[in-house]
Amino acid sequence: MRPFDYIVFDFDGTIAESGPGIMACAREAVLRLGYPEPDVATLRRFIGPPLYNMFREAIGMDDETAQTAVKYYRERYGVIGMFEATIYEGITPMLRALKREGVYLAVASGKPDGFLKKIIDHFGLTEYFSEIRGSSPDNRSGDKAALLRSVLPADVDLSRVCMVGDRCFDIDSGKAVGVYTVAVGYGYGSKEEFEASGADKICETVKDLQSCLLGDVSVGEGRFISFEGTDGCGKSTQIKRVAEYYRSRGYEIVMTREPGGCPISERIREIILSLDSMGMSAECEALLYAASRIEHVKRVILPALDEGKIVLCDRFLDSSIVYQGAGRELGVEFVRQINAAAEKIARPDVTLLFEIDRSLAKTRVNNRTAPDRLELEKEEFYERIAVAYDRLATAEPERIRRIDASKDVETVYRSVLTALNEIKG
């Protein structure tokens, strides 16, 4: 039996690490009104409680000045501050698993309702919640208990409800309504305030929270994304950008590469790419790639996917199909046969193919490092690779998404995000 049927989350410090944006906006509001610059400890007090109260209590403003400070705060927050946040790592897979299990999820936050909904939508979390409710713009009291009640169905069984938050205000609201309360230690509160408020449980990490809310239910499988293209196409740069994107949205990320990714596979990589291996037979090269891949899959990729993580892999089986199958002219069937063990247990959910003119790719490669053994191949070799990549993308358009890699980094990145956001699940 799952622990709860209804779970209500606070937002700041519980779902999102939003402190940087909140503190920056509070600082600017204080300085605009001519007060001395607050120290970090004072600014941290603004995370969680109602703003109006904090400008009065933490800064010492009178009622009218505090109202003006809130206005200045929201001017910056509505443009910049609300997006100066990241979703805590592991939160999104947990929400996805809870939603899959049929749990009613909601957010009750003292943050203004309009800002709250925009932020949650920005980070791609709206689909997980049945209700999202923030405070009204003129709400000074920050009645969290009233917010909590407002997001719950009228006939709810309170014994099946859990309130999750990172401050005493969240725990107090849960107690006032009569529901189970969980305090999270990774946010902005302290163990002392949780104990004083009588929290039913304290979860120090997101992993602890997952165990508490999911019980023995798994967070589910992760996502496997591979990046393909010839050297110089810019895929390594884009992998880093994609990793930052998913981390900011609460996913756990594993960045890896082929050949390589784990100790044995990295040793094989050294052999394959070393100039000392010039003259290696095509068959030997293909078999070394296959050996490296199965070790990589079993040691790195599968364990990460089983834990609900997103795996970003620089090259996978498609590279062997085009480089050894076509480039070395060993044939696609031979390559698939020697990689059957790896392909059976791990296949990318989506592959981004970075397409670029060969001359531009060569210029990029020549401007960075000394070429490895494969980069010294003749042009006919790379012509066969380009044709093979095109055939793969034509045959599997649902998995393989073409990216024009000849553009500038930002334009390519936007194309990458568009392709990834088209993939659901």
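Close-up 1. The structure holds 32 salt bridges, a salt bridge being a side-chain nitrogen of Lys or Arg within 4 Å of a carboxyl oxygen of Asp or Glu. This is a predicted model, in which local features need pLDDT of at least 70 and side-chain atom pairs count only at pLDDT 80 or more, whereas totals for chains, interfaces and linings use all residues. Residues are numbered from 1 along each chain as its sequence is written, and side-chain values use heavy atoms, with hydrogens and water left out. The side chains of Lys 144 and Asp 170 form a salt bridge at 2.3 Å, N to O. Lys 144 belongs to helix 7 (residues 144-150) and Asp 170 to helix 8 (residues 168-177), so the pair ties together parts that are 26 residues apart in sequence; helices (H or I, at least four residues) and strands (E, at least two) are DSSP runs, numbered from the N terminus. Lys 144 is buried at 11% relative accessibility, and Asp 170 is buried at 2%, where buried means under 20% relative accessible area, exposed over 50% and partly exposed in between (1.4 Å probe, protein chains only).

**Close-up 2. The salt bridge between Glu 228 and Arg 315.** The side chains of these two residues, Glu 228 and Arg 315, meet at 3.8 Å, N to O. The pair links distant parts of the chain, 87 residues apart, with Glu 228 in strand 9 and Arg 315 in the loop between strand 11 and helix 14. Glu 228 is buried, at 1% relative accessibility, and Arg 315 is buried as well, at 10%. Arg 315 also has a positive phi of about 80° although it is not a glycine. Most residues other than glycine have a negative phi, and most peptide bonds are trans.

Close-up 3. Five strands form an open sheet in the order 10-11-9-12-13, with parallel pairing; two strands pair if DSSP finds at least two bridges between them. Strand 10 (253-257) and strand 13 (400-404) stand at the edges with a single partner strand each, so one side of each is left without a neighbour in the sheet. Neighbouring strands of this sheet are turned by 20° against each other on average, direction ignored, where axes are lines fitted to C-alpha atoms, for helices over the stretch in contact, and angles run from 0 to 180 degrees between N-to-C directions. Helix 11 (residues 235-248) packs on the sheet and touches strand 9, strand 10, strand 11 and strand 12, its direction making about 170° with that of strand 11; contact means heavy atoms within 4.5 Å. Helix 13 (residues 282-306) lies across strand 9, strand 10 and strand 11, and runs at about 160° to strand 10.

**Close-up 4. The end of strand 10 and the two sides of helix 12.** A cis peptide bond, with omega of about -10°, joins Glu 258 and Pro 259, and Pro 259 lies in the loop between strand 10 and helix 12 (263-273). The buried residues of helix 12 are Ser 265, Ile 268, Arg 269, Ile 272 and Leu 273. They cover an arc of only 120° around the axis, which puts them on the same side of helix 12; the arc is that of the directions from the helix axis to the C-beta atoms. Pro 263, Arg 267 and Glu 270, on the other side of helix 12, are exposed. Among the elements that cover the buried residues of helix 12 are strand 10 and helix 13.
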